[in-house]
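Please open the structure in a viewer and keep the selection panel at hand. The tour goes from pocket to ligand and then to a further pocket.

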Amino acid sequence: MKKIFIYYSFTGNGDIVSSYLKRIGFDTYKIITYEELPKNRFLSILVGGYKAMINYKDKIDRVDIDLNKYGKIIIGSPIWNSKLSSPINSLLDKIDLTSKNVTFVLYSGSGKENKATELLKRKYNAEVINLKEPKSNNDELIKLDNL
Ligand SMILES: Cc1cc2nc3c(=O)[nH]c(=O)nc-3n(C[C@H](O)[C@H](O)[C@H](O)COP(=O)(O)O)c2cc1C
């Protein structure tokens, strides 16, 4: 069964997840936005936090993937303001996950994002795996071994 990890990453945690999953046989696809958050950390939290709060959908490149090729789809998002990141809001708006086997991987500072987890479980009937800053906590990645 072919599997794909489709994700966004602003500060590299999602990229670490992507490399790990690539090594265990996943195809990977990174969402590219037309506009990045500001480089300044404080401003990035402010802008990204606001975008997440209003469920903003960033302008992203065309998602050129034939999802029918995959038996399992993993979607990776950083948590912004306790919600999904705005680039992943756009992705979810563009792709049809009906009757697909979907798992979400959420990476965050806390590693415990109950609100976002419950919403995704309900809306997509999906498994949700929470990781705490995998870039600096490599042992978090073993949570992905059963994917
Ligand atoms: C705009 C913004 C908002 C964030 N909000 C939260 C939050 O509400 N809760 C949390 O635990 N971490 C929060 N974080 C931390 C990120 O979720 C965390 O660093 C994540 O691993 C980043 O993934 P990335 O490096 O792939 O972009 C926030 C980070 C940013 C940039």
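Begin by selecting α2, which gives the most to the lining of the largest pocket, with 5 residues. Helices such as this one (H or I, at least four residues) and strands (E, at least two) are DSSP runs, numbered from the N terminus. A pocket here is an open set of points on a 1 Å grid over the protein atoms alone, where a 1.4 Å probe fits, with protein on both sides within 12 Å along at least five of seven lines; lining residues have an atom within 4 Å of a point.

The model is predicted: local features need pLDDT of at least 70 and side-chain atom pairs count only at pLDDT 80 or more, while totals for chains, interfaces and linings use all residues. Residues are numbered from 1 along each chain as its sequence is written, and side-chain values use heavy atoms, with hydrogens and water left out.

**The largest pocket**

The lining has 22 residues, and Thr11, Arg41, Ile45, Ile79 and Trp80 lie nearest the centre of the pocket. Colour the lining by class to find 7 nonpolar, 12 polar and 3 charged residues; Ala, Val, Leu, Ile, Met, Phe, Trp, Tyr, Cys and Pro count as nonpolar, Asp, Glu, Lys and Arg as charged, and the others, Gly among them, as polar. The pocket holds about 450 Å³ of space, a volume being the space filled by probe spheres set on grid points joined across faces, edges and corners.

**The ligand**

Now show the ligand, which takes up the space of the largest pocket (more than half of its atoms lie within 2 Å of the grid points). Select its shell of 21 residues, of which Ser9, Phe10, Thr11, Ile79 and Glu133 are the closest; each shell residue has a heavy atom within 4 Å of the ligand.

Which residues make polar contacts, that is, pairs of N or O atoms within 3.5 Å? A polar side-chain atom of Thr11 is 2.4 Å from a ligand oxygen. Polar backbone atoms of Phe10, at 2.7 Å, and of Ser82, at 2.9 Å, also face ligand oxygen atoms.

**The second largest pocket**

Finally, move to α4 (114-124), which provides the largest share of the lining of the second largest pocket, 6 residues. β4 (83-84) and α3 (86-94) also supply at least two residues each. This pocket contains about 340 Å³ of space. Its lining has 14 residues, with Asn55, Leu84, Asn89, Leu119 and Lys123 closest to the centre. By class, 6 are nonpolar, 3 polar and 5 charged.

Terms used: A polar contact is a pair of N or O atoms within 3.5 Å; within protein, one must be able to donate a hydrogen and the other to accept it, and residues adjacent in sequence count only if both atoms are side-chain atoms.
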